Amino acid sequence: MSSATERATAGFLVWRLSMKWRVAVDRAVAPLGLTHAQYALMASLHGMGRSGLRPSQRQLADTTGLEPLYVSKLARALEAAGLVARTRDPNDPRAMQLTLTEQGRDVTRRAIKVVQGLLDQLLEPLGGQDSPRARQFTRELAALLDTPLDPHTDNDEEQS
């Protein structure tokens with residue numbers, strides 16, 4: 001660990017790790033014609049589809065953490081590329097349900113293999129994906145993701 005990262009805040013390190021991961025995934029899935037955001041959407045859609053779900057764009061936004069408007073934009077681009085099918089939800093005509101096409105499933109399976117290889121590399125210093133340290137790290141990341149953040153809360157008000 002460099003002396004610069006030893007003095008860094010947790011927020012800075014989370015940001016740097018997320019940027020490192022995004023860039024690595026972008027580069028890894030580019031040969032498949034995908035971006036990191038498209039991969040995140042398709043891999044989430046793949047997982048939800050394997051569970052028998054046909055999520056709406058809104059549900060996919062909630063799952064991925066992407067803004068609903070961005071999910072809509074991504075879904076349209078993926079639909080134009082023949083990777084995703086968008087259909088009206090029979091229970092809510094305002095909502096669009098998303099499914100992977102056969103081509104989309106093929107591309108997603110190949111992309112998942114590539115990204116799993118990156119994850120192996122990332123978690124190697126913790127003993128690999130199946131190590132106790134990596135499982136603990138995953139639990140800690142999940143705890144941080146479950147913590148609500150309100151940008152309108154001002155800590156200075158508490159001190160007044």
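This report walks through a predicted model of a protein, from its overall layout to a few individual residues.

## Overall layout and confidence

The protein has 8 helices and 2 strands, arranged along the sequence as α-α-α-α-α-β-β-α-α-α. Its C-alpha trace spans about 50 × 45 × 25 Å along the principal axes. Of the 160 residues, 28% are buried. Taking contacts between residues at least 6 apart in sequence, 44% join residues at least 24 apart.

The mean pLDDT of the protein is 90, and 93% of the residues score at least 70. Confidence is highest in helix α6 (residues 102-123), with a mean of 96, and lowest in helix α8 (residues 155-159), with a mean of 53.

## The largest nonpolar core

In soluble globular proteins, nonpolar side chains tend to be buried together. Here, the largest nonpolar core holds 25 residues, and the members that touch the most others are Val29, Leu34, Tyr39, Leu41, Met42, Leu60 and Leu78. At least two residues each come from α2 (10-29), α3 (36-50), α4 (57-64), α5 (68-80), β2 (92-100) and α6. Helix α3 gives the largest share, with 7 residues.

Leaving aside residues up to four places away in sequence, Met42 touches Leu34, Leu78, Leu83, Leu100, Gly104, Val107 and Thr108.

## Helix α3

Helix α3 is worth a visit of its own. With 15 residues, α3 reaches 21 Å from its first C-alpha to its last, close to the 21 Å expected at 1.5 Å a residue. Its buried residues are Ala37, Gln38, Tyr39, Leu41, Met42, Ala43, Ser44, Leu45, His46 and Met48.

The cover over these buried residues includes α2, α4, α5, β1 (84-89), β2 and α6. After α3 comes Gly52, which has a positive phi near 85°.

## Two threonines

Thr108 sits in helix α6. Thr108 counts as buried because its relative accessibility is 1%, below the 20% limit. Its side chain reaches the backbone oxygen of Gly104 at 2.6 Å. Beyond residues up to four places away in sequence, Thr108 touches Met42, Ala43, His46 and Leu100.

Thr147 lies in the loop between α7 (132-146) and α8. With a relative accessible area of 42%, Thr147 falls between the 20% and 50% limits and is therefore partly exposed. The side chain of Thr147 reaches the backbone oxygen of Ala143 at 2.9 Å.

## An aromatic pair

A search of the whole structure turns up 1 aromatic pair. The partners are Phe12 and Trp15, with 6.0 Å between the ring centres and 40° between the planes, a tilted arrangement. Both residues belong to helix α2, where they are 3 residues apart, about one turn of the helix. An α-helix has 3.6 residues a turn, so residues three or four places apart point the same way.

How accessible are the two partners? Phe12 is partly exposed, with a relative accessible area of 39%, and Trp15 is also partly exposed, at 46% relative accessibility.

Methods. Residues numbered from 1 in each chain as written. Predicted model: local features only at pLDDT ≥ 70, side-chain atom pairs only at ≥ 80, totals over all residues. Heavy atoms only, no water. pLDDT = per-residue confidence, 0-100. Helix = DSSP H or I, 4+ residues; strand = E, 2+ residues; numbered from the N terminus. Core = buried A, V, L, I, M, F, W, Y, C linked by side-chain atoms within 4.5 Å. Buried < 20%, exposed > 50% of the residue type's maximum accessible area, 1.4 Å probe, protein only. Contact = heavy atoms within 4.5 Å. Polar contact = N/O pair within 3.5 Å; in protein donor to acceptor, adjacent residues only side chain to side chain. Expected span 1.5 Å × (residues − 1). Phe/Tyr/Trp six-rings, centres within 6.5 Å; stacked < 30°, edge-to-face > 60°.
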